[in-house]
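Here is a short briefing on a protein and its ligand. Look at the structure first, then read the points below.

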Amino acid sequence: MKLPPPIALCLFLWTLLLTVCADPTDTTTNVGKQYANLPYPPRNPADEAVRLLSDVHPAYLDFYIFQRRVMTMPLDASPPPSTSTRVLIAGGGTGDVVVYLAEMCSRFIEGNYKYRCGGSAGVEFYHLDLSNASIDIAKERLRMRGLLLGVEGVTVNFLQGSLLGLEFEEGRLALGLEKDIKFDYINSVGVLHHLASPTQGLRSLNSVLKPDGGMFIMLYGAHGRTGVYDVQSAIKDMGVDTVANPKICLDIVKSLISSLPPTHRLYKTVELMSQGDNLWPEESEIYDIFCHSQDRAYTVEQVFEFISEGGQGELTMASWHQPVLYRPSTYIKLAEETKLLTQLFMGVEDEVRLFALAEKLGGSVHGKHQFFLEKKKEGGGAIYKGRDWEVTGCGTREFQDTVLCSSMEEDIKDFTKDMWGEKFSEAYKADKGLNCVMQFEGATAGHGIEVKKNFPCSVMRVLSLIDCRRSVLQIWEEVVRLEGFGDSSWWRGNGGEGGLEVIWVIAKKLFEVGYVVPLLDGGGGWGEGGEL
Ligand SMILES: C[S@@+](CC[C@H](N)C(=O)[O-])C[C@H]1O[C@@H](n2cnc3c(N)ncnc32)[C@H](O)[C@@H]1O
């Protein structure tokens, strides 16, 4: 049937209107429904009474993104900036990031730290998610910690809706944000790859990023998740509509998990290996990994395309979260080959090829790409800067006074609690050369990296003392006090003056794999950077 022109035009305009004015806070999509029914990640607020889950430490943000003290602002900074630091957690789910950061920032204020988060007006967190159910869990977790209503210098806001709404004026009003609000730091982990257009998602986040702000993003890695996509595709081939029949999908996956041949590459997926024997106890995790209605993964090259398109040429990668994973030399032990490769792939433009090569060599290591982004500076065209930690000379005052911070601080506390128990101490005293295998939660992303394997147990002692308050010298003094310096063959080999340098070497190794960063010393004073 042919419609008369005015009616056809009206219908056309109506459709156009619906498309253009689609409610950006829409939760009726498949993705919205999934997270409304299965909040992710599964968290029990009662657990807050016993442990704090680790995330990216505030000092990492200063080191990798700002290159000055923003999240660890010295108390005596003068003059302290009067505006507050704004942090947006886009797709924050059940609250891991907001809980961790708000807790750390409140500790900085209450504990005997010499800094706080943000300027004199403190830090404002905005936890944004499509799912009300997830937001409720995040709120409850914060309530358990006494942080829901905020504390001095820390406020927490909740926004229900789509991050796509940030880009539109109407959306901003709908999200309850003031017009033209901009953020210093945006965290979006495991979210953008679930959007119909991930680049549109990044564009939207970029539209509310301050010119000197930065982001931390996690996207799925194609190489590391091949096994997951085998299973996803098999489920599709079986004709299962995972949205219409979530239970069937869950049942199939549960059965596949125990029936696939042990050589199936699914079992090499790092993300899953970290679960150990206790494979995916929670249905929301199974569904998220295998039955999701919308997920895509990226190769290294695609990550850079994504940044360039979504960032509209304004964003650049400041650093990978674990730079060592993106160096071919990590996987090729022959010095000559490493040299050859370095020669072959030198130059800024070729850096992406170098990372891509490491990705191929690392294989299942790259299940997730985690990286820091920043706005390009005036005249800066580099696609990747990397942040290295260079300190002039060992044994200098500068080196001794460096304070170390670790994103693993909480995990290490948990781990070493048992480790330094009576039984272990006995074995350790009997054989100080004892090796420890570091396998605490979250460490799995670096499988195959030396630091993970058989380190002398004394390293664990060092790690357990890294608390963003102690300097290298203080850590060394504490090790000497606790270990009885000279008793251990390992320490003796590096004893005397060299002992301090051992701490230094360990710290550098841990830095390489992303477990440690130096607290910026603010050398140049406020406003001048404070780069090391
Ligand atoms: C896999 S979970 C990750 C949660 C959290 N970032 C974490 O890593 O613990 C994805 C989250 O993104 C949210 N989400 C998906 N699309 C979104 C959108 N367009 N706007 C805001 N949140 C979204 C979902 O509701 C869900 O809570």
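A polar contact is a pair of N or O atoms within 3.5 Å; within protein, one must be able to donate a hydrogen and the other to accept it, and residues adjacent in sequence count only if both atoms are side-chain atoms. This is a predicted model: local features need pLDDT of at least 70, side-chain atom pairs count only at pLDDT 80 or more, and totals for chains, interfaces and linings use all residues. Residues are numbered from 1 along each chain as its sequence is written, and side-chain values use heavy atoms, with hydrogens and water left out.

- The side chain of aspartate 129 has an N or O atom 2.6 Å from an oxygen atom of the ligand.
- A polar backbone atom of leucine 163 is 2.9 Å from a ligand nitrogen atom.
- For leucine 130, a polar backbone atom is 3.4 Å from a nitrogen atom of the ligand.

**Around the ligand**

- The ligand is surrounded by 18 residues (a heavy atom within 4 Å); Gly91, Asp129, Ser162, Leu163 and Val189 are the closest.

**Nonpolar cores**

- A nonpolar core is a set of buried Ala, Val, Leu, Ile, Met, Phe, Trp, Tyr and Cys residues joined through side-chain atoms within 4.5 Å. Buried means under 20% relative accessible area (1.4 Å probe, protein chains only).
- The largest core has 104 residues, and Leu88, Phe125, Leu205 and Phe371 have the most contacts inside it.
- Another core lies apart from it and has 17 residues, among them Val240, Cys249, Ile252 and Cys291.
- Leaving aside neighbours within four places in sequence, leucine 88 is in contact (heavy atoms within 4.5 Å) with residues including Tyr126, Phe183 and Leu205.

Methods. Buried < 20%, exposed > 50% of the residue type's maximum accessible area, 1.4 Å probe, protein only.
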